[in-house]
Amino acid sequence: MPPDFDTNMRFKFSILALLLEVIVIVLYGIFVDYDKNSSSEGLYPHFQDVHVMIFVGFGFLMTFLKKYGFSSVGFNMLIAAFGLQWGILMQGFWHMKEGKIPVNIESMINADFSTATALISFGALLGKTSPIQMLILTLLEITIFACNEHLVTKVFKATDVGASMTIHAFGAYFGLAAAFVLYRPGLTNKHENDESTYHSDMFAMIGTLFLWLFWPSFNSAIANGAEAQATAIINTYYSLAACTIVTFALSSLVDKRGKFSMVLVQNATLAGGVAVGTCADLEIHPFSAMFIGVIAGIVSVLGFQFLTPVMASKLKIQDTCGVHNLHGLPGILGGIAGIIVTATKTEIRNSHRLTPAMQAAALGSTLGIALVGGALTGAILKLPFLGQVSDQNCFDDSAYWELSEKYGPVFSVQMGHRRIVVISGYDTVKEALVNQADAFAERPKIPIFEDLTKGNGVVFAHGENWKVMRRFTLTALRDFGMGKKAIEDRIVEEYGHLADTIASHKGNPIDASKIINAAVANIIVSILLGKRFDYKDSRFLRLLNLTNENMRLAGKPLVTMYNIFPYLGFLLRANKALLRNRDEFHDFLRVTFVENLKNLDKNDQRSFIDAFLIKQQEEKSTTNGYFHNGNLLSLVSNLFTAGVETISTTLNWGFLLMLKYPEIQKKVQEEIEQVIGSNPPRIEHRTQMPYTDAVIHEIQRFANILPLDLPHETAADVTLKGYFIPKGTYVIPLLTSVLKDQSQWEKPDKFYPEHFLDANGKFVKKDAFLPFSAGRRICAGETLAKMELFLFFTSLLQRFNFCLPPGVSSSDLDLSPAISFNVIPKPYKMCAVARS
């Protein structure tokens, strides 16, 4: 069952939202009218730009959280839609004419500005507040903002054309004060969902780019006259540009490995636009604007790097988006810049001389009102009847949005010219792949894989050719030891070579992925070629590199685009590198075939290739044969890739997770000592080691290396869960929805070996454990894979303690995947210390 959320919005939110809209409509009916004497029509391009910043820029900037994208963009839209209406009223009450609030393009821009304050505060509270709370915050904050803006511009007569003080500093410190009052002790240790993934960071970068591009319009929109607008645009651009260069430089400098931080690039690159806002329309010279941008970049980067952790641990202010560093500190910097400029040169606005004293008063009042107003608002939002999501369900869209439930377990999506049916959840995937196995047994023709295999082999083959090749593959694998002691002996020999190679590094930090890759490859190579390679053999390393590179290339966005729009192939040329690597791999295999043919003996078959070549000779007298060289090349390539990538990737995830959870590693080692001692691990030990077996199964479930499964195609008309699916339909079974099905797993998003243990600590098989898929297309080497995973994993943990390199903490470990056709971990180093 899905978790019970403590925010039931069905009535509370609906009533509040409708009530507020009714109130707004009534107030508009009474007080608002068109400004028929307006001369602001020329501002519409600026209004468009600012509008895009509010709805797209701010919205997408906050999508960096891996499970909060719907809420980031959706709640941003909700806040903006209400804030624009409310802002017109609150600002308009200070500028009424004959009892009416005149509305024009300029007033709508100002309403956008007022909404920006609420969106900035939303950033500080992101993931921890409900939409009910955010509507109330927007209502109160814009009201207080309008009062402060009137104080700054009409009473103090200060300048703040780009609103460094009145919007950015105000919004940041209002939100931080509210966050202080709404502090959650349960989130002191970082929440598992309070992090980004590759794709969520890419979406957030879209927000950054929109904000960066349109920020000159934001700072110049309400400048007085064309000359002042041009000055504001120029100053803003140069400040942003200088800030961006500094951000990239410092991002690399503050990282121990000299790498760029996407968090800093997403946020600190914008600080120049914030900081130059107050004096954007003043003639400060582009040099000064660039200098402000440089200082803003430094302040923002250092704030993210050093101040944010201190604020969370010491001041108990949990600033989700880092608004203090993007809006707060640069906003104060902008206010200080305004004080310095007005102190050093004479500036006249609206026939009034700007003074440093009034600029300082404006900055001081803004900060004071924001902090007090934010704290009071936070106290109101804390009222229990407003509803608030629990700590456990923070930063999670499923608390407020329908996700897969919205579409049901069977839904379709249009990708290019092809309609694809997606099936999700254990019950539905089992019904399709197991109960109706024959109907879902076909494989669709995917452009990139058709280019690579021509329908040959076993993985992407079709029809009768697939059936013949699969039968042969299963028989040959069994004949050459799969599931038998012969292949177990080879694995035992191989894990000895692997352990010796790792031991030669003497506990120094290593990236073990390549040698693990080589050790695993030698097992399938021993079946396919009847031999093993030294880990330093140049031909062997080249074959592994070709395989690994093709897996990475197959996961590239350009290849996905080619699969969706194959007629763009001549333009995209996405298959070029893949085909080049395939051809080189096949050239090696052809040489091997020739050598094998020289000494081929039906009664002494040395390898899988020998078995195929003998079948080929037997079939020569028949027509329309299946045992041709095209099938042999693709079949060996399929088995080599599948036999290397899946197992080595799972092992690499396994050791990364042991680094992340050393207490689990210790428990595995204690069981090894108890059951095996110093003897070589054998497959017979597995039934006596329930905890180790559970950990290996949980690694496979959690790593989820093939989340979409390989696509299927219906071989006949079929009905699934009441939906008619015609023959030839492209079907994607979401294996990730099975391996993380909340109805099947107690803690689906956590690494939790107890999923596979009963109350007495005995191993429990789970029907929803389908990492090898299911049905007719289930992995042909499942038995071999299970044996390899147990023996390699257990043997290495028997000999070594795996720990982090000096200076690296478990919080530094990144569990988000790298780009590939399958889900692989990002590169990491570990120390393998020999156990006594």
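Helices H7 and H8 cross in a right-handed way, where right-handed means that the near helix is turned clockwise from the far one by less than a right angle. Helices here are DSSP runs (H or I, at least four residues), numbered from the N terminus.

This is a predicted model: local features need pLDDT of at least 70, side-chain atom pairs count only at pLDDT 80 or more, and totals for chains, interfaces and linings use all residues. Residues are numbered from 1 along each chain as its sequence is written, and side-chain values use heavy atoms, without hydrogens and water.

**The helix pair**

H7 and H8 pack at about 145°, and their axes lie 8 Å apart. Axes are lines fitted to C-alpha atoms over the stretch in contact, and angles run from 0 to 180 degrees between N-to-C directions. Contact means heavy atoms within 4.5 Å.

| Helix | Residues | Among its contact residues |
|---|---|---|
| H7 | 198-220 | Trp-212, Trp-215, Pro-216 |
| H8 | 226-254 | Ile-233, Tyr-237, Leu-240 |

The contact residues divide into 8 nonpolar, 5 polar and no charged. Here Ala, Val, Leu, Ile, Met, Phe, Trp, Tyr, Cys and Pro count as nonpolar, Asp, Glu, Lys and Arg as charged, and the others, Gly among them, as polar.

**The two domains**

The domain assignment gives domain 1 (47-382) and domain 2 (410-834). Their centres, taken over C-alpha atoms, are 48 Å apart. Between them the domains bury about 470 Å²; buried area is the accessible area (1.4 Å probe) lost on being put together, summed over both.

What links Lys-67 to Asp-749? A salt bridge does, with the closest N and O atoms 2.8 Å apart. The term means a side-chain nitrogen of Lys or Arg within 4 Å of a carboxyl oxygen of Asp or Glu.

Definitions and conventions
Helix = DSSP H or I, 4+ residues; strand = E, 2+ residues; numbered from the N terminus. Domains from an automatic or database assignment. Buried area = accessible area lost by both parts, 1.4 Å probe.
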